[in-house]
Amino acid sequence: AIRQKRDYDTRISQNKYSPGDMVFKRNPVNKKLEVPWEGPLVVIKSLSNAVYLIASRQKTTVVHHDLLKPCVNEQPPAWTKNIMKSISKT
């Protein structure tokens with residue numbers, strides 16, 4: 001168990017996200033022809049070092065960092081402007 005933890009800890013990489021960052025969320029029901037990532041989504045709040053509150057167009061969800069990857073899009077979608085304004089007010 002100690003060796004497995006050591007090996008896991010050497011391979012793990014954790015991205016840090018700030019409120020307002022754009023991310024993609026892994027689709028847990030990834031079938032052969034489905035898109036493996038959904039998004040872009042907006043990080044609303046960091047609940048801990050590994051758990052984030054993210055928002056899509058319809059809802060907000062709590063997600064572990066293992067299911068997220070950074071979005072390096074040149075233009076954020078138009079619907080994110082309202083969310084960005086609400087984040088900056090708080």
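The dialogue below takes the features in turn.

Modeller: This is a predicted model, in which local features need pLDDT of at least 70 and side-chain atom pairs count only at pLDDT 80 or more, while totals for chains, interfaces and linings use all residues. Residues are numbered from 1 along each chain as its sequence is written, and side-chain values use heavy atoms, with hydrogens and water left out.

Colleague: How many helices and strands are there in the protein chain?

Modeller: Helices (H or I, at least four residues) and strands (E, at least two) are DSSP runs, numbered from the N terminus. Here the protein chain has two helices and five strands, and along the sequence they follow the pattern α-β-β-β-β-β-α. The C-alpha trace spans about 45 × 35 × 25 Å along its principal axes.

Colleague: What percentage of the 90 residues count as buried?

Modeller: Buried means under 20% relative accessible area, exposed over 50%, and partly exposed in between (1.4 Å probe, protein chains only). By that rule, 27% of the 90 residues of the protein chain are buried.

Colleague: Which residues make up the largest nonpolar core?

Modeller: In soluble globular proteins, nonpolar side chains tend to be buried together. A nonpolar core is a set of buried Ala, Val, Leu, Ile, Met, Phe, Trp, Tyr and Cys residues joined through side-chain atoms within 4.5 Å. The largest one here has eight residues: Tyr17, Val23, Leu41, Val43, Tyr52, Ile54, Val63 and Leu68. Strand 2 (37-46) and strand 3 (51-55) each supply at least two residues of this core. Apart from it lies another core, of seven residues, including Val42, Cys71, Trp79 and Ile87.

Colleague: What does valine 63 touch?

Modeller: Contact means heavy atoms within 4.5 Å. Not counting residues up to four places away in sequence, valine 63 touches Lys25, Ala50, Val51, Tyr52, Ile54 and Leu68.

Colleague: Is isoleucine 83 buried or exposed?

Modeller: Isoleucine 83 counts as buried because its relative accessible area is 15%. This residue is found in helix 2 (residues 80-89). Leaving aside neighbours within four places in sequence, isoleucine 83 is in contact with Val42, Ile44, Ala55 and Ser56. From isoleucine 83 to serine 56, 27 residues apart along the chain, the C-alpha separation is 9.4 Å.

Colleague: Where does proline 19 lie?

Modeller: Proline 19 lies in the loop between helix 1 (2-11) and strand 1 (22-26). With 48% relative accessibility, proline 19 counts as partly exposed. Its contacts, leaving aside neighbours within four places in sequence, are Val43, Ile44 and Ile87. Proline 19 and lysine 85 are 66 residues apart in sequence, and their C-alpha atoms are 11 Å apart in space.

Colleague: Which residues lie nearest the centre of the largest pocket?

Modeller: On a 1 Å grid over the protein atoms alone, a pocket is an open set of points where a 1.4 Å probe fits, with protein on both sides within 12 Å along at least five of seven lines; lining residues have an atom within 4 Å of a point. The largest pocket is lined by 14 residues, and Glu38, Leu41, Ser56, Arg57 and Gln58 lie nearest its centre. Strand 2, strand 3 and strand 4 (60-64) are the elements that give two or more residues to this lining. Strand 2 gives the most, with four residues.
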